[in-house]
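Subject: Structure handover

Hi,

As promised, here is the structure for you to look over.

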Amino acid sequence: HTAAYAELRHNWESRMERQKLLLNNEIATRNILEQMPNVPIIFLSTAAVYGSLSNNKFGSKSLVEENASSEFIESPYAASKLACESYIAAWSHKKKNPWYCLRLVNQIGARTHRGVIVDFLRMIKEKKHIHAADNGNQKKNWVNVKDTANVVLRLLDDNEKVPSGIYHVTSTERWSWRDIVDVMI
């Protein structure tokens with residue numbers, strides 16, 4: 001399940017944007033499940049289900065798995081992903097089927113075509129000022145898509161015996177937008 005429409009910045013702009021999320025995430029996920037044979041289900045979710053530090057009522061400097069709750073979600077995209085996670089868990093329990101929801105942090109790779117890094121490159125090419133909503137200070141985790149693919153392969157390896165559930169796919173290194181700009185310069 002890797003075809004989600006994830007333009008977080010545009011989720012609240014129009015009803016049509018929110019309708020895309022409903023169709024592409026929630027309804028598509030349910031339709032896929034209803035057609036699937038009894039095989040392990042791997043759903044690529046998002047760390048956006050944890051909300052953001054600006055809405056973090058725990059007062060901590062980071063967001064952790066225990067913080068995932070509908071009350072912290074700030075975008076229709078994240079809400080649709082959390083709904084899909086719940087549906088997949090319920091479906092899989094009923095069918096006695098292995099299931100995994102991978103909550104992914106910022107994915108980067110050779111053919112990345114959207115997101116923070118692509119935005120920076122576009123701004124540089126257009127000779128525009130590079131800006132960040134949080135002034136570029138908030139540090140985030142980044143994971144290469146190849147590492148995420150390796151996680152998926154590990155889940156499918158019969159020798160691994162990974163229990164069903166929700167997993168956070170992240171890295172230990174945290175970079176701010178300013179750090180990324182420094183590397184790019």
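In β6, Ser176 is the bridge partner of Lys139. Strand β4 (residues 139–144) and β6 run antiparallel and are joined by 3 bridges. Two strands are taken to pair if DSSP finds at least two bridges between them.

Before going further, a word on the source: this is a predicted model, in which local features need pLDDT of at least 70 and side-chain atom pairs count only at pLDDT 80 or more, while totals for chains, interfaces and linings use all residues. Residues are numbered from 1 along each chain as its sequence is written, and side-chain values use heavy atoms, with hydrogens and water left out.

Back to that sheet. The strand order is β3-β4-β6, in an open sheet of 3 strands with mixed pairing. At its edges are β3 (106–108) and β6 (174–176), each of which pairs on one side only. From one strand to the next, the twist averages 55°. Helix α4 lies across β3 and β4, at about 65° to β4. For these angles, axes are lines fitted to C-alpha atoms (for helices, over the stretch in contact), and values run from 0 to 180 degrees between N-to-C directions. Contact means heavy atoms within 4.5 Å.

α4 itself covers residues 145–156, which makes 12 residues. From first C-alpha to last it reaches 17 Å, close to the expected 16 Å; the expected span is 1.5 Å times one less than the number of residues. At the start of α4, the backbone nitrogen of Lys146 has a side-chain oxygen of Asn144 within 2.8 Å. (A polar contact is a pair of N or O atoms within 3.5 Å; within protein, one must be able to donate a hydrogen and the other to accept it, and residues adjacent in sequence count only if both atoms are side-chain atoms.)

Now the other sheet. This one is also open, with 3 strands in the order β1-β2-β5 and parallel pairing. β1 (41–46) and β5 (165–169) stand at the edges with a single partner strand each, so one side of each has no neighbour in the sheet. Here the twist averages 25° from one strand to the next. β1 and β2 (residues 99–104) run parallel and are joined by 6 bridges. In β2, Tyr100 is the bridge partner of Ile42, and Leu104 is that of Thr46. Helix α2 (residues 76–95) packs on this sheet, touching β1, β2 and β5, and its direction makes about 160° with that of β1.

How well covered is β1? Mostly: 6 of its 6 residues are buried, where buried means under 20% relative accessible area, exposed over 50%, and partly exposed in between (1.4 Å probe, protein chains only). Ile41, Phe43 and Ser45 are buried on one side, and Ile42, Leu44 and Thr46 on the other. Phe43 has a relative accessible area of 1%. Phe43 and Glu85 are 42 residues apart in sequence, yet 7.6 Å apart in space, C-alpha to C-alpha.

In one of them, the side chains of Arg103 and Glu85 meet at 2.5 Å, N to O. That pair links distant parts of the chain, with Arg103 in strand β2 and Glu85 in helix α2, 18 residues apart. Arg103 and Glu85 are both buried. Arg154 and Glu160 also meet in a salt bridge, at 2.9 Å, N to O. Arg154 is partly exposed at 49% relative accessible area, and Glu160 is partly exposed at 33%.

Finally, the chain as a whole. The chain has 5 helices and 6 strands, running α-β-α-β-β-α-β-α-β-β-α from the N terminus on. Of its 185 residues, 33% count as buried. Among contacts between residues at least 6 apart in sequence, 74% join residues at least 24 apart.

Happy to talk any of this through.

Best wishes

Conventions. Helix = DSSP H or I, 4+ residues; strand = E, 2+ residues; numbered from the N terminus. Salt bridge = Lys/Arg side-chain N within 4 Å of Asp/Glu carboxyl O.
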